[in-house]
2 protein chains.
Amino acid sequence: MKNNVTMRDIAMKLGVSSVTVSKALGDKEGVSDELKAKIKQVAAEMNYRYNTAAKSMKEGLSYNIGVIIPERFTGLAQSFYLRIYQHISSLLDSYGYYGILNILNSEDEEQLNLPRIYSEKKVDGIIVIGQISKEYIEVIENMDLPKIFTDFYDEHADIDSVITDNFYGSYEITNYLIRNGHRDIAYVGNLHSTSSIQDRFLGYYKSLLEHDIPLNNNYIINDRDKRGKYIDIEIPTPLPSAFVCNCDQVAYLLTDKLKSMGYNVPADCSVVGFDNDIYATLTSPSLTTVEVDIEQMATTSVNSIMQKVTQPNKRFGRVLVQGKIVYRDSVRSLNENHGDKVQSIVV
Amino acid sequence: MKNNVTMRDIAMKLGVSSVTVSKALGDKEGVSDELKAKIKQVAAEMNYRYNTAAKSMKEGLSYNIGVIIPERFTGLAQSFYLRIYQHISSLLDSYGYYGILNILNSEDEEQLNLPRIYSEKKVDGIIVIGQISKEYIEVIENMDLPKIFTDFYDEHADIDSVITDNFYGSYEITNYLIRNGHRDIAYVGNLHSTSSIQDRFLGYYKSLLEHDIPLNNNYIINDRDKRGKYIDIEIPTPLPSAFVCNCDQVAYLLTDKLKSMGYNVPADCSVVGFDNDIYATLTSPSLTTVEVDIEQMATTSVNSIMQKVTQPNKRFGRVLVQGKIVYRDSVRSLNENHGDKVQSIVV
DNA sequence: CTGAAAGCGCTTACAG
DNA sequence: CTGAAAGCGCTTACAG
């Protein structure tokens, strides 16, 4: 780097000391306004650029936050985590921080390799987005750094995580179906696949319980195998009047399947999703679904990690981010007279 | 940072100098194998972590590459650039580098604000993904750093850019349609919106020229307004036998429109796209399209920037990344007897 | 094979 | 209001 202007260069040019330059550029006390202005001007003229590395070394801070995302969550149709990262990166900026993305490949996850961002002291804290193996959680936990888990959690009490309120969102949207006269409601999702799917199921179940609707095992429908790969969805007979899907993509696949079998959505049966991602509007009819608040997840994650950087002993526990129902065209009301907004739907 | 083990600590523990520790951990010459092993062992025991900041300061390198993406290219349906960034980030790892994402918001772009990654010497080079304003290109050009433009270019001769071979890809896929007997072929895209759309149009036009098919102005169909917002696509009469769309999403919208008008794709007319993104398989029938090689774009961008970091005077010019045609179900062959793979399509 | 010295560019007390 | 000194943690000549 030839063109390397330092504070010392500015100082020499003006016949002052580099301490004075440091104070002036940092807007500290102890320099006359006049001199301060002069120094700033000369700095600009000389195209001076502040050297963060020196500051980092002095203060023992990197001003970076590492964001770890397991590779398997970064497929073509999965931009959700990348999108959270994008917001995190922007939010960090207002703290004077930067986000360093670390895609965790399965090999490193399996062999429990420490991320380089950690072993090279590249970051002051870590945000992990997306479920990782128990063993790797352990690895992360042992790292001598503040950390936040986003969109998943672990039973360990002392881990802070930011998660969507899957349980409540699913509970609410099932309530909505029931308010609209549905009682034969199926749930679509592999209950043993992820904690999100499980929690969403439990919200659905709670709604059934509260309305004295018995849980029908034939109405719990698998959507994916152990590896998370989607399988053909089996439509139960008799046909339920509504399906609560664990995510929009599955709602999309289900709707396709129903249509191919000659059913009309929502005339013959209603379908709701979760996430409000691209599939929600791609599905025809467009999906009534629970919107996951990506920005809020990012905001909460960033605020939490930044607090932990300055106060390492701070604890947050499991922080829930509320979703909200987005009403579209995939639900039919079975009530005779109703004042609900679904009344516009042709029955 | 309480638990701050340095080389000096290891050195004291072993009664050697920190120089020796540095050599041992860095696998340099001049330390006996025995001592080297001992030092490494103690370092591990003490949970020593290398301090990159010190190295950075010594060498004047940050070991970061900044990746700038304009905010307007990061919408819900646009994960393309984020995805390139993801690959860039992974590829950088093999160079011992990290990628720092910088979403450029429109305000900073308009006011020509320098990115903080630059003014704080946070990065050794910059990759800009996605068209930015002329004025901001100027700002970037004046930065005293190696830079690469990805997925767009500027007329300035001295700027290195990595772009998809839009022209050739579009030329090839139009040739493919013509080989399959099509002669009434429309192009869908706003010619004045982006250089990609324009170049894709020119590839289409070249194919027509080579086959002595006159360009029909009614067959150049607008798809978006000045701001890039999609508009309703007007279907020309008589109906062309095929549509070359400037991207998959537009092919998706067009196909929907055609179906709503009662046309059958590809029986009544064929449709091809560009990108091979999520819309290609979401469209029914799935699209024959030109796949943009995201990984290769990322690889070329990373290799180029890394070379420029060590050799600042290196120039690459406009580097084209070849796409490849992905054959699916949206094209019908109009030939009587043909040995092409499209013959399996029911006519 | 091993280590004392100097320096990377900044900032924080502290002294004047 | 201004500046000399020391130090952040490492590495690169250089000397032994």
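**Exercise 1.** How many residue pairs are in polar contact between chain A and chain B?

*Solution.* Begin with the conventions: this is a predicted model, in which local features need pLDDT of at least 70, side-chain atom pairs count only at pLDDT 80 or more, and totals for chains, interfaces and linings use all residues. Residues are numbered from 1 along each chain as its sequence is written, chains are lettered from A and ligands numbered from 1 in the order in which they are written, and side-chain values use heavy atoms, with hydrogens and water left out.

A polar contact is a pair of N or O atoms within 3.5 Å; within protein, one must be able to donate a hydrogen and the other to accept it, and residues adjacent in sequence count only if both atoms are side-chain atoms. By this rule, the count between chain A and chain B is 33 residue pairs, both residues at pLDDT 80 or more. The residues on the side of chain A that touches chain B divide into 23 nonpolar, 18 polar and nine charged, where Ala, Val, Leu, Ile, Met, Phe, Trp, Tyr, Cys and Pro count as nonpolar, Asp, Glu, Lys and Arg as charged, and the others, Gly among them, as polar.

**Exercise 2.** Find the salt bridge partner of Arg116(B).

*Solution.* A salt bridge is a side-chain nitrogen of Lys or Arg within 4 Å of a carboxyl oxygen of Asp or Glu. There are two salt bridges between chain A and chain B, and in one of them Arg116(B) pairs with Asp93(A), with the closest N and O atoms 3.1 Å apart.

**Exercise 3.** Identify side chains of chain B that reach a phosphate oxygen of DNA strand D.

*Solution.* Take the two tyrosines in turn: a polar side-chain atom of Tyr48(B) lies 2.2 Å from a phosphate oxygen of DNA strand D, while for Tyr50(B) the corresponding distance is 3.0 Å.

**Exercise 4.** Is Ser330(B) buried or exposed, and what does its side chain reach?

*Solution.* Buried means under 20% relative accessible area, exposed over 50%, and partly exposed in between (1.4 Å probe, protein chains only). Ser330(B) has a relative accessible area of 0%, and is therefore buried. Its side chain reaches the backbone oxygen of Val271(B) at 2.6 Å, and a polar atom of the side chain of Ser330(B) also lies 2.9 Å from the backbone nitrogen of Thr288(B).
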